[in-house]
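Please read them with the structure open.

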Protein chains: 2
Amino acid sequence: MAGTKWVYGFDEVAEAEKQAGGDWEGVRALLGGKGANLGDMTRLGVPVPPGYTVTTEACLAYLAGGEAFPPGCWDQIEEALGRVEKSTGKRFGDPENPLLVSCRSGAKFSMPGMMDTVLNIGMNDEVAAGLARLTGDERFVYDSYRRLVQMFGAVVLGQPDEVFEEVLEEHRREAGVATDSELPAERLKAIVVEFRRLAPGFPTEPKEQLRLATEAVFRSWNGKRAIDYRNAAGIAHDLGTAVNIQTMVFGNMGNGSATGVAMSRNATTGEPKIEGDYLINAQGEDVVAGIRATKPLEQLADDLPEMYDQFAAIAARLERHYREMQDMEFTVERGKLWILQTRAGKRTAQAAVRIAADMADEGLITREEAVMRVKPDQVDFFLHPQFSAESLKEASQLAKGLNVSPGAAVGLAAFDADLAERWAKVDGKPTIMVRPETKPDDVHGMLAAEGILTSRGGRTSHAALVARQFGKPAVVGVAELDIDMAARTMTVAGQVIKEGDWISIDGTSGVVYLGRLATVVPDISDPWLMKLLSWADELRTLRVRANADYPVDAERARRYGAEGIGLTRTEHMFFETERLPLVQKMIMTTDPAERAEALEGLLPYQRADFEGLFRAMDGLPVIIRLIDPPLHEFLPSAADLTKRFIDLKVEEAKGAQVAAEIAEVEGVLARVEALHEANPMLGTRGVRLGIMIPELTRMQVRAIFEAACNVAREGGKVHPEVMIPLTSHVNELKWQREVLEAEARQVMAEQGLQVDYMFGTMIEIPRAALTADEVAQYAEFFSFGTNDLTQTTFGISRDDAESGFLMRYLQEGILEENPFATLDRPGVGRIMRLAVEGGRATRPDLEIGICGEHGGDPRSIALCHELGLDYVSCSPFRVPIARLAAAQAAVEMPR
Amino acid sequence: MAGTKWVYGFDEVAEAEKQAGGDWEGVRALLGGKGANLGDMTRLGVPVPPGYTVTTEACLAYLAGGEAFPPGCWDQIEEALGRVEKSTGKRFGDPENPLLVSCRSGAKFSMPGMMDTVLNIGMNDEVAAGLARLTGDERFVYDSYRRLVQMFGAVVLGQPDEVFEEVLEEHRREAGVATDSELPAERLKAIVVEFRRLAPGFPTEPKEQLRLATEAVFRSWNGKRAIDYRNAAGIAHDLGTAVNIQTMVFGNMGNGSATGVAMSRNATTGEPKIEGDYLINAQGEDVVAGIRATKPLEQLADDLPEMYDQFAAIAARLERHYREMQDMEFTVERGKLWILQTRAGKRTAQAAVRIAADMADEGLITREEAVMRVKPDQVDFFLHPQFSAESLKEASQLAKGLNVSPGAAVGLAAFDADLAERWAKVDGKPTIMVRPETKPDDVHGMLAAEGILTSRGGRTSHAALVARQFGKPAVVGVAELDIDMAARTMTVAGQVIKEGDWISIDGTSGVVYLGRLATVVPDISDPWLMKLLSWADELRTLRVRANADYPVDAERARRYGAEGIGLTRTEHMFFETERLPLVQKMIMTTDPAERAEALEGLLPYQRADFEGLFRAMDGLPVIIRLIDPPLHEFLPSAADLTKRFIDLKVEEAKGAQVAAEIAEVEGVLARVEALHEANPMLGTRGVRLGIMIPELTRMQVRAIFEAACNVAREGGKVHPEVMIPLTSHVNELKWQREVLEAEARQVMAEQGLQVDYMFGTMIEIPRAALTADEVAQYAEFFSFGTNDLTQTTFGISRDDAESGFLMRYLQEGILEENPFATLDRPGVGRIMRLAVEGGRATRPDLEIGICGEHGGDPRSIALCHELGLDYVSCSPFRVPIARLAAAQAAVEMPR
């Protein structure tokens, strides 16, 4: 150990690097993260207040050696201090020109607040008096002094911080002020005296202060807080901490001094121009505290033009060096600029996109790096309205629910779909549709409304799915919300909102506000976003498709960059006003002729929808899924029917002539009950329905192929892919394929046209994934339905769970995240991998995609990339996000 | 091909074997199965009517050569015929002593009825006249003649068989008789004449008959029927058929002739003594037709003592040779015994067991072979009552449903549980409980009844599960049954059965009978069964445990050979009369104190049950599963409550004072609705319940450990294994284990005793299987819950499916078998394998078993053996079956 170098000046970083074999990680291990960075900035020529770092090795030697400095260490510290005195021209303990230093811990990995800091070391009565003369600011000097005593008392002497705080409080009370910064200088002087009494071991000798503080920081490595933190964060206990001793500089030494914070680019818009705030003759905390009005950084060019130019040059140098927009603290002490700190700057989504794009164009970073710099969810900002920052400041928050469909919406509370539609369409009033939960026959109201708010339901409830599909902001499952449908009110914590009152909802955060908040509407055509997404498109290997049920969705999806449709839910078309009666007739009848007639009535509607989709997606593939949900979903609910039945029975008992109505309700109820299943999610739906009612499959297939032939005849390029839902056994597919191909051949023969198509299946049942090698014998493509696959793999009914035990699981940490939001890698991810391997073993060119909600979730997209999928399909509003996420996955894991 | 041997006499089988390189399969390929066997019997010295086989090679050469005999073939046939003439002393076409032969196809694999046969070849007018003189039986002779013409006409000449049948029918009508065998000789003579007119190509020359018949049999290999059969059965098309030409022998040539059928052992009881039926001076078909009263085989010892002795010796020789009980046809022609056929004999379950055990004791077969000779389901015979064969002959079948719990039951139809219990317990009358479906609060009636009959529900409905559990015969899902609860009747096809009428149900076949059928009650203590099962126990490597909820079940299970309990469903104990109110109170209350009180009330009951189980299973492991079903199952159904609510509202409308009752019903209904889940099977149950209501887990754990300590204190050896249901994520287990171990430690501290226990989990959710490596970190044992695992892996709700699309799937062949009856190997089997591999990778000594219904299914048991499970657990009544099935699996796939 003799001859070991325990101390590195900030200007000796090159030596440390040599010592670490040229490895910057080694430098960080030796000097800690903070010490390494201070050294790095110093080497860069940035004016950092001079100082030095006592190494982590010194810390470990100190702790291992029974809390004694290793040989030579203290000598090196004194020597380094001497160099600092020389370079600053100040002297430790010299009242005429005193050097004050800070003593801060700095481990290899950041452990914010876990270890100790002592500021203003070097202060004592004489130095304070001298400094007061120098600065003319007694308040500042004695505040600094009392801070030293307080920190020293707590950190070094182990005095509880409360005893100091009590004294401060007493003085505030006596002075009749609310904050310490309002205490006058005289009181601060008195406080210093009292503090000194409370910290009897406080040394007046500056070097003694420094020695004790350094030792205290070493010891804090093994403090309980630090150990707990390392255990939680998984940081090794044998790293030790370095200690950084740095000159204190002061921006309050007259009008030639200043202090401020600044960004190297505009953090709100991303404009490439430094921006910030500063104060002349002030301390750093004055800028943050907001007591004095700060000035915008531009004015520094007038106030201290030389300093401004220096700072601008340094900001540019730091940005070039770190290749990232910087957030800096600076102080000007009597005409000398010091940079106290620099780090990557926080920014808005809009700024993040522009800065990344600009930096790539400037050649500062590569296009790949630019793509990696923007979080996919930040793209959301360009797709949905947001509340303005000003309006949020004064907003009154009512409640918080699940943020299931992003964007801000403002409107009149409307408690049913018809009213929401009437207000919106007839009266031209914006509305928020409020319901306990939504059902398929609420869709017209949801479409007309600006946003949707429900008190029940989870992330994949009907309301959430429909809202995301149509890009309507939605907040669901707001349990605090008590909706009284009879009174047409909702109540939150005693506050009653009536129908027609203004409310605002934020689907991005899940917050519900009272009143009418102002919104800002960003735009996807932002040129920097377009540029960034075009780079993403070049990088990604995953294709991106959209889930779209209507031509208008398909058109939007294409505008947003979708490369086809990954899922059309044909049954959604069944819920429209003029179609539902035909669907219900088909379900209610037991007469094959009547059923055939009802299906024939539906055919033209389906065909027209498909034509619209094919036209919108001209030249691109369109996956059409045959009917999936259980039939009872198309009938009125048993609860509603029972309610009606009870009312009628009571009327009858009172003498009303309602026998005919009762009989009718009983008839529908009987059919609803006959269709009732204990677990409809695992019941007669999907391909099972197609096998039980093959004429339904035939009608849908006819509609698809008639539409395809019609559009092809117009000159369109159609690529239909017919998809079977809920397959669990290869034979289901084989059976359905026979029905389908016979009908398709017949239609094409009738039309005299050949249309190329593919036949495939959803993979949403574990058995289909496990037997994917067999399933691929009859499927030309797979599409993972990860909503249902997550339900069946976990054995969880999502709607039941998300309003129940799943929330408890997330609270208790039993699950780290909601598997319906982000794909569960060990379970669902593993079974997906088995399916990919099995399917491709049988059919190497098998097209594989995902069309569950996860298709729009960045982390799930990364998993899909890793699994080798061909595409992801998501809501049109998530297409740009998916494009970016897919590119990031490709960069992180090249195929 | 020149020099090829195309024809083998039955006495040349050794030569054929040499030709085939000593490979018997090769002999079968060359001579066909029938030809090889006839040769085999001949070599054995069994008197088989002489003949020869034209090889399959000859057939293939014939077909390949444009339907011409290959060179030398016909010469060899004539030569072989000459040898037959010589050995029989008869001559082809000689009216004085005519040789008649049959010509039959015989391929390598049996294709019953698929190819052609011609009998009585060698007959013409002169031979017929001679034979009539010889036998004195003109009727027989001309019947034989007309058969030849008819078969030849149809098979060789391609005349439709109908034209012959029309002639026969005309004659029957004219003679006023119902069957051909009643036609007098004169008519048969006339028929021959008419048949000859209808078959103008019929050759009178015997050798020409033979040649054409042989060629026809060759050609029949490529007949449509045969090709279709081979396609269906997966038999190759290039094998060809052999042709067997065999001397016809006649048992009706006077009193020195006879014909009969016999078994080498008693086919009903298994007694080692030949038994059978015969007739003197008769043809084989007379014995089968039942027109003349047959004599028991013993009397042959008086009628034809030498023949009897010869036959007995041959039967013994054949049994020794084939090492299997034989079913033989024989004919005595004028003092000469001929064996026409021998094959393995069909037998009853009882006989199968005794024969296998006896043969092993006799040293004829090994014990392993004996164990393999009995089908596991045959053991069921010894466990359940059966209808007597006599009673079944006259029984009137009402309907057929699902055979969900085996055995026969007879009783008075009782339409509710209370009545069933009263009749059985108070009035001492046997009852069959009849319900549309059963629910937990029907259990007391089910226990009191002899059997259970429901019109709804599937193989895993409540009725089926409970019935199997308690060994009650049950037939469920009898859709034809229309139960009118108001009228207390059930109607099947117009027939009305009133409450109190006698009915009989067969849970083994699923048939429901009207009236009171007689039953026989076999006994598991059958000595041969005991012997066979003890051999099975020596062979098997899988252990067999039982699913038992009550001490009485556990005792029975142990009697039947269970080696522990694999599943105790603790919640079943909750349904008993005095406990249910406490359970309901626990569910209805929202007050923690009230809930605690209810749980405290339940504790002594649970503890007492567990004590009983531990005592019954002294020294053996007992797996206790914590509560599994969703709480709403313990409350009245929403439908019943709604019905009651409607009645009350109507009463109220009519002026009744029922406000209080309405409020009460509304209260319960509200709680039931709050607990309502869209898919309860995937909802708040199992471990989820334990996490939501940890006090419930604690109560159950306390009951288990208090019981264990109490029994251990008595000197009992207790091995509790605590099992968590429905785990999908390792953290659920980790969380529950903490709750459990804390409580267990506390109880053991209170009791001052240490009890060794294991902690484990059901594997019944795909995710648990997929992440078994993680799950095994906290589980010391796995138990596959294959009912739920099948549901989740297939995405099928069993109750919905078994009364719906699953039946359609089975009909359509989309599924080959019901996956709830036999484990689905490619899907569920694969995920089980992943779980076994994952679990053992983490914990090599992980104990793994199965406790789903599949644990008692022989084919599923074989899969469990293959997967390397440690044990299977099944209903006590299936334990003996499982012991046998496990042994068979071990023999077929040694570990």
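1. Asp591(A) caps the N-terminal end of H24(A), with a side-chain oxygen 3.1 Å from the backbone nitrogen of Ala593(A). Helices are DSSP runs (H or I, at least four residues), numbered from the N terminus.

2. Some ground rules. This is a predicted model, where local features need pLDDT of at least 70, side-chain atom pairs count only at pLDDT 80 or more, and totals for chains, interfaces and linings use all residues. Residues are numbered from 1 along each chain as its sequence is written, chains are lettered from A and ligands numbered from 1 in the order in which they are written, and side-chain values use heavy atoms, with hydrogens and water left out.

3. Back to H24(A). H24(A) has a kink of about 30° at Leu602(A), shortly before Pro604(A). The bend is the angle between axes fitted to the seven residues ending at a residue and the seven starting there.

4. The rule asks for a side-chain nitrogen of Lys or Arg within 4 Å of a carboxyl oxygen of Asp or Glu. Arg146(A) and Asp143(A) form one of them, at 2.9 Å from N to O. These two residues are about one helical turn apart, because they sit 3 residues apart in helix H6 (residues 138-156) of chain A.

5. How many residues of each chain are in contact across the interface of chain A and chain B? Chain A gives 52 and chain B gives 52. Contact means heavy atoms within 4.5 Å.

6. The area buried between chain A and chain B is about 4700 Å², and carbon and sulfur atoms give 62% of it. Buried area is the accessible area (1.4 Å probe) that two parts lose on being put together, summed over both. Leu682(A), Leu770(A) and Ile814(A) supply 14% of what chain A buries against chain B, more than any other three residues.

7. Between chain A and chain B there are 2 salt bridges. Arg767(A) pairs with Asp824(B) in a salt bridge, with the closest N and O atoms 2.7 Å apart.

How values were computed. Polar contact = N/O pair within 3.5 Å; in protein donor to acceptor, adjacent residues only side chain to side chain.
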